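Thanks for coming. I will take a few minutes on the pockets of this model and on the ligand. Please have the structure open while I talk.

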Amino acid sequence: MRIEIPRRVRRILQTLQEAGFAAYAVGGCVRDSVLGSEPNDWDICTSARPEQTAALFSHTVLTGAKYGTVTVVDGEICYEVTTFRAENGYDDHRHPKEIEFLSSLEDDLSRRDFSINAMAADLSGEVIDLFDGLHDLRHGLLRCVGEPSERFAEDALRILRALRFASRLEFTIEPKTAKAIHELCPTLQAVARERIAKELQLLCGGGVEAILREFPDVFAVLIPELRPCIGFRQFNFHHKYDVWEHTLCAVAAAPKDFCIRLALLLHDIGKPSCFTMDKNAVGHFYGHASVSGLLSEKILRRLRFDNATVKYVSQLVSLHDYPLAEMTERSVRRFLAKYGEKTLRDLMSVRYADAVATGMGEVRDLHERLEPLIEAVRKEEQPLQLKGADLLVLGVPQGKRISELLSLAQEAVFDEQIPNEHDALVAFVRNWIDKHSQTCYNKSKEGF
Ligand code: ATP
Ligand code: MG
């Protein structure tokens, strides 16, 4: 089997070889090339020590010399060139105590996580496959190099990498590898939360449904609040599945957008704690959307997501039961003013996936109904015909009163109480001042 090696990569391999070192393209780039997809980046492994590599190229950065990695900069592209190495003595399920530089490619490949990631290619593009990676790629199998339980015990992050690759490539996790994942998933607690957050990108893979279904135990370690959802029966005619099965179907039915899928993973997380059963033995989950929203915020903060993601995703969760189907032009106008167009569109996607995942049959797509309303509101959209300066003229003092009154005026326009016309708005503000100057405002202090 031969793959195409880009010219610049060939140049690096050649430079190393001409200096007497062994050098290969390795890992993800070989895997992706065999699969016929464009690699993210090209990594190179070599028998040269970091300082020997650095001496051969005009522009290098010692990015991880301790781990044997030198970055070779070629124009605007960076290539990581790493010395063949072994990693020894893991004692915290994550970090090797010692890195040992080696001289053989075989040893270097054997430390790699999965057979499909443990292939190299030489200068001619010939694939070197010592662990049956090609077989596994052909059969859609994700398999550890070596004994799975040892490999996961060394580094728990490999569990999440396994799930990520299986989800992204839509591969099956080979049974011994899967068994070791189930056994060792509690060690995921050793993985940094930021890293867990990053690996949750696996939600956007085409194979996510199967992964969530097969490994709920892993997700319950990452997000313990999910555990009560697993197998939680709903006793409700609107739902065919338990909460977890519903959740994973919802994630898979959504567009491949990280925030939307994360919101769907968490959207019903408050259900178990909101469950009640009425006298007809029908289950209800009153208030679960806002409980799920609060829990989501807590979870996402704990996983160290950035503020914007925490707020956006937990807002989608809190709003996931918003009555979109009953929206009118007026409520669309108000919604857009409060949350913006992206939120409304994303919420439609959340809602669609949520409905599909009830398993109760055909679902109406809300886009058809709501897009014309959004369009209509957008067309009429014009800035409020009243400025802060107008309020100063009316005697409203500089400060937060100005923005309060402007938003009251905006609300009145949205509610169609008054037209968005300067004179009408001034009259509205005058009226408000007259009404409130006695009660709310202390004239001497606030200046009315
Ligand atoms: P991606 O397309 O996501 O970048 P990749 O396979 O290139 O996939 P990287 O994280 O860039 O993944 O790692 C490069 C290579 O290093 C992998 O292909 C694998 O051989 C090896 N590797 C990375 N992380 C580990 C790990 N935790 N344990 C063992 N080998 C690893
Ligand atoms: Mg990579």
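By class, the lining of the largest pocket splits into 19 charged, 12 polar and 10 nonpolar residues. This is a predicted model, so please hear every value as computed from it. The space in that pocket comes to about 1400 Å³. The lining counts 41 residues, and those closest to the centre are Asp43, Arg85, Asp113, Arg161 and Arg195.

Next, where the lining comes from. Two or more residues each are given by helices H2 (28–35), H7 (157–169) and H9 (193–199), and by strands S2 (43–46), S3 (60–64), S5 (77–83) and S6 (85–90). Helix H7 has the largest share, at seven residues.

Now the ligand. Which pocket does ligand 1 sit in? Ligand 1 is placed in the largest pocket. The shell around ligand 1 holds 15 residues, with Arg31, Asn117, Asp155, Arg158 and Arg161 the closest.

Helices H2 and H7 each supply at least two of the shell residues. H7 gives the most, with five; recall that H7 also has the largest share of the pocket lining.

A polar side-chain atom of Arg161 is 2.9 Å from an oxygen atom of ligand 1. For Arg112, an N or O atom of the side chain lies 3.1 Å from a ligand 1 oxygen. For Arg168, the distance from a side-chain N or O atom to an oxygen of ligand 1 is 3.1 Å. How much of ligand 1 does the protein bury? Taken alone, ligand 1 exposes 600 Å², and the protein buries 80% of that.

On to the second largest pocket. The space there is about 640 Å³. Its lining has 26 residues, and His239, Asp321, Arg351, Asp354 and Thr358 lie nearest the centre. Strand S13 (283–284) and helix H18 (341–356) are the elements that give two or more residues to this lining. H18 gives the most, with four. By class, the second largest pocket is lined by 10 polar, nine nonpolar and seven charged residues.

Conventions
Residues numbered from 1 in each chain as written. Chains lettered and ligands numbered in written order. Predicted model: local features only at pLDDT ≥ 70, side-chain atom pairs only at ≥ 80, totals over all residues. Heavy atoms only, no water. 1 Å grid on protein atoms, 1.4 Å probe; cavity = no way out; pocket = protein on both sides within 12 Å on 5 of 7 lines; lining within 4 Å. Points joined across faces, edges and corners; volume = space filled by probe spheres on them. Nonpolar A, V, L, I, M, F, W, Y, C, P; charged D, E, K, R; others polar. Near = heavy atom within 4 Å. Polar contact = N/O pair within 3.5 Å; in protein donor to acceptor, adjacent residues only side chain to side chain. Areas by Shrake-Rupley, 256 points an atom, 1.4 Å probe, with all protein chains shown as cover. Sits in = over half its atoms within 2 Å of the grid points.
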